[in-house]
Amino acid sequence: MAVPRGRLLGGCSAINDTFVTRGTKADYDRIADMGNPGWSWKEMLPFFKASETFHSTEWHQADLDIHGTDGPLHISMTPLAPISEKILESFIDSGFDYKPDMFVQGDYEGVGHIGRTVYNGICTTSADFIHKYERTNLTVRTDVFVDRIILEKNNEKECPYKAVGVEAHDDTNGQPIIIKARKEIILSAGVYNSPMILMHSGIGWEKHLNEVGIDCKVNLRGVGENLQDHLIV
Ligand SMILES: Cc1cc2nc3c(=O)[nH]c(=O)nc-3n(C[C@H](O)[C@H](O)[C@H](O)COP(=O)(O)OP(=O)(O)OC[C@H]3O[C@@H](n4cnc5c(N)ncnc54)[C@H](O)[C@@H]3O)c2cc1C
């Protein structure tokens, strides 16, 4: 099975289909209801808006209740091919609700248009969150591959290990690199590599880690499991 991924600044957002989609209102509200303050649709919407500069066209004006005008991602609607226009019309004739911003308004029932992270032929990616702002508190290092998180023994019973740094190597010459954390480590290596790094660090299902010769430090079922892909027509 081919699993293409973007190994560059911007990650998969630099190689993806550029479709702009948000989850449904119900998804975010459910996440908030599970005990995660700040994740409801109402609370997330300002961040969605802040992430984008939406470029209106004659046939699709920005609805400013849901679109942003000053964010790093430049988003526009690409005109439909004639056959797609006909398909859209046939859906509307069959009784589907026409929702121009269907994929970002929090409700996916109906028929509508989808924005792309492309404007004037240029693709914007999540790397633009870095490029747009001058940040003095951020150092970006490319060509560095993280191998594992360094865990140190903690005397707390509930939490026997503390993540204190990362072990990495220079991708150009294989030289080992150790980076120590002053406060915290945020692991964001994508859907395949985040669990891989966790498992290499000894965080995962003990039975499986033992099978592949990794010393299990935190027995956590679910790491590297339950992958779901989505189908699209
Ligand atoms: C072919 C394809 C088409 C898609 N189309 C769409 C679409 O049209 N619309 C949409 O909304 N979504 C789409 N997606 C999904 C979307 O691109 C991803 O959900 C999103 O990019 C995930 O972001 P992320 O930051 O979690 O991970 P990623 O984008 O995977 O970023 C992970 C980053 O970590 C780096 N990394 C990984 N491992 C290590 C390591 N060990 N050490 C150092 N760095 C590491 C990678 O190089 C990468 O830069 C698509 C995905 C693919 C693959």
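The shell around the ligand consists of nine nonpolar, nine polar and two charged residues; here Ala, Val, Leu, Ile, Met, Phe, Trp, Tyr, Cys and Pro count as nonpolar, Asp, Glu, Lys and Arg as charged, and the others, Gly among them, as polar. The model is predicted, and local features need pLDDT of at least 70, side-chain atom pairs count only at pLDDT 80 or more, and totals for chains, interfaces and linings use all residues. Residues are numbered from 1 along each chain as its sequence is written, and side-chain values use heavy atoms, with hydrogens and water left out.

In total, 20 residues surround the ligand, and the closest are L8, C12, F19, V146 and N193; a residue is near a molecule if one of its heavy atoms lies within 4 Å of it. A backbone N or O atom of C12 lies 2.7 Å from an oxygen atom of the ligand, and for T18 the corresponding distance to a ligand oxygen atom is 3.4 Å. A polar backbone atom of D17 is 3.1 Å from a nitrogen atom of the ligand. The protein buries 64% of the 1,000 Å² that the ligand exposes when taken alone, with areas from the Shrake-Rupley method and a 1.4 Å probe. Two or more residues of the shell come from each of β7 (144-153) and α5 (190-200); helices (H or I, at least four residues) and strands (E, at least two) are DSSP runs, numbered from the N terminus.

The description now turns to a sheet. Strands of a sheet pair through backbone hydrogen bonds, either parallel or antiparallel. Four strands form an open sheet in the order β1-β4-β3-β2, with mixed pairing; two strands pair if DSSP finds at least two bridges between them. Its edge strands, β1 (19-20) and β2 (52-55), each pair on one side only. Strands β2 and β3 are parallel and share four bridges, with T53 opposite H74 in β3. Strand β3 (residues 73-77) is antiparallel to β4, over two bridges: S76 has R116 as its bridge partner, and M77 stands opposite G115. Because four of its five residues are buried (under 20% relative accessible area), β3 is largely enclosed by the rest of the structure.

P100 lies in the loop between α3 (82-93) and β4 (115-116). With 33% relative accessibility, P100 counts as partly exposed, the class between buried and exposed (over 50%).

Conventions. Buried means under 20% relative accessible area, exposed over 50%, partly exposed in between (1.4 Å probe, protein chains only). A polar contact is a pair of N or O atoms within 3.5 Å; within protein, one must be able to donate a hydrogen and the other to accept it, and residues adjacent in sequence count only if both atoms are side-chain atoms.
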